Each structure stands twice: as structure tokens, then as C-alpha cells.
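I opened this notebook to record what I looked up in the structure. The entries follow below.

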Amino acid sequence: MSIFSCLLAGLFLPLFPSSLVFNAVLRRLPHPWLPMVLLLVWPQIGLMLVLALEASPPDWVVPWALLTSALYALRALTLQDVRLWIGFLATSLWALLWLVVSGGGWAIAAPLHALGLSLPLVLLCLLGAGLTRRFGAARAGLPGGLAQSLPRYAGVLVVVVLAVIATPLFPAFFTMLGLVLHAAPAVPLTALALAGIWLLWSWAGARLLAGLVVGPAGGDGVADLSRLAAWGYVGVLAALVGAGIYGAMALT
């Protein structure tokens, strides 16, 4: 794979600084459905470019991808805006797809791994749009205290964020676990870097949820998520869990 091919694919499987393009595009999309489509399509374009070449990425791409992922995970710790947080987590997650396409037999399943990483982000984007409709903004602390004022919304939000940051038993968890186990025997430093990035995701997710869910109740008179919508989210999340378990069993 040539340097030009890597740089082109690095727009869609983000490698810093070309990762700035995706986040700039995401911030400028006005309609809530457009960011959701972007989150699904963007990494798939990168994977199509890489897989069409039928050549493994050069060795220097893996540390570059790890550095990009760690940089955006660290930056997400300070973000309060939900859409910005989604963009930075997406960049951090998708950068690790370079390790998937570099992993030999894993490459053929790379689009499914990308889908498993992206779908929780799409759900979070939809929830963020709901917060914007209700409160005028989707930011931590505005208004906060959703666990008391909008309990159904808060419950779904917590589980979706857990899915984003690769907690068991969601697809992202099995992707990360596979990457760590694959890297540990051959390149322990890579496995250690992956574990550190995973920890940063958890920390960033906890900080975001603390600003949205915890605290005094706010938003009096704002409608909670309907029972039908809540069950819809539960159904999608259950399907993600089932897909993650099935995929993990298929790879063993």
C-alpha cells in the first residue's frame, strides 16, 4: 500500500491530522439525520478503499493510528457538548480499525466491526438531538439531573454511552478484546496502549454522564422519552448485544 493510499484512507479511517476533516464536517451538518448517516458511512468508505487494494497497511500506520486514537480519547475528557464528544469518540474508535485490517484474517470482517463501533454512536446522536429539542442544547450540565427529571431518557442514555465505550457485552467490547489478545503475545506495548485508550474512553464516558445524569433535577415540564421509544432503544441495544456475542463466538 502506497503512502498516498494510506493518506487517502486516513481521511475516513481517521489518522491525525486528516481526522480534522471528519470532525469539521460533523459539526457543520444541521439536520440530526445527516450526522447519523455520516457516522454509518464514513468508516465504511475508508475500509472499502483499504480492502480494495488487497494489500496490508505499512507497519508505521499502526503506531500512528494508536496515537490518533489516544489523542482524541484524551481530548474527549474535557468535552461537554454531546455532538463534539460523539465526533471525538468516533475518531478514536475508527482509528483502531487500522489494527483490524492489519490483522490478517480479521480484515474480511472489518466492515462488521466498523458497524458495531458506529451504531451506538448513531443512537447517541439521536438522543443528543432529543436533548437539543427539549432544552435547546445537548451539553453536560444543561440542565443536568436527567436521572430525576427524565428517568427513562437517562436510563437509555447511560446504556448507550456504555455501548459506545466498549463495555461488555456490546460489539465494541469484543472488537477491543480481540485486538488486545491478538497484540499481547507479539507486541505487548500495543496491547498496553489499547488498554490505556480503553480506560480513557471509560473515563470520558463517566464524565459526560456525570454532567448529564447526576445532580439536581432540571428541565421541569419537559416530556420524558415515551415508553414506546424507550422499548425501541432497548430492542436495538439487545440486538447489538446479541450481535456482539454471536460475532465473538464466530471468531473463536
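I took helices (H or I, at least four residues) and strands (E, at least two) as DSSP runs, numbered from the N terminus. I worked on a predicted model, in which local features need pLDDT of at least 70 and side-chain atom pairs count only at pLDDT 80 or more, while totals for chains, interfaces and linings use all residues. Residues are numbered from 1 along each chain as its sequence is written, and side-chain values use heavy atoms, with hydrogens and water left out.

Entry on the helix α1 region. I located Ile3 in helix α1, which spans residues 3-9. I noted Ile3 as exposed because its relative accessibility is 56%; exposed means over 50% relative accessible area, buried under 20%, and partly exposed in between (1.4 Å probe, protein chains only).

Entry on cis peptide bonds. I found a cis bond between Phe16 and Pro17, with omega about 10°. Pro17 lies in the loop between α1 and α2 (19-28). I found another peptide bond that is cis from Pro168 to Leu169, where omega is near 5°. Leu169 sits in the loop between α9 (151-164) and α10 (171-186).

Entry on backbone phi. Which residue has a positive phi although it is not a glycine? I recorded Ala166, with phi of about 65°. Ala166 belongs to the loop between α9 and α10. I noted Ala166 as buried, because its relative accessible area is 2%.

As background, I wrote down that most residues other than glycine have a negative phi and that most peptide bonds are trans.
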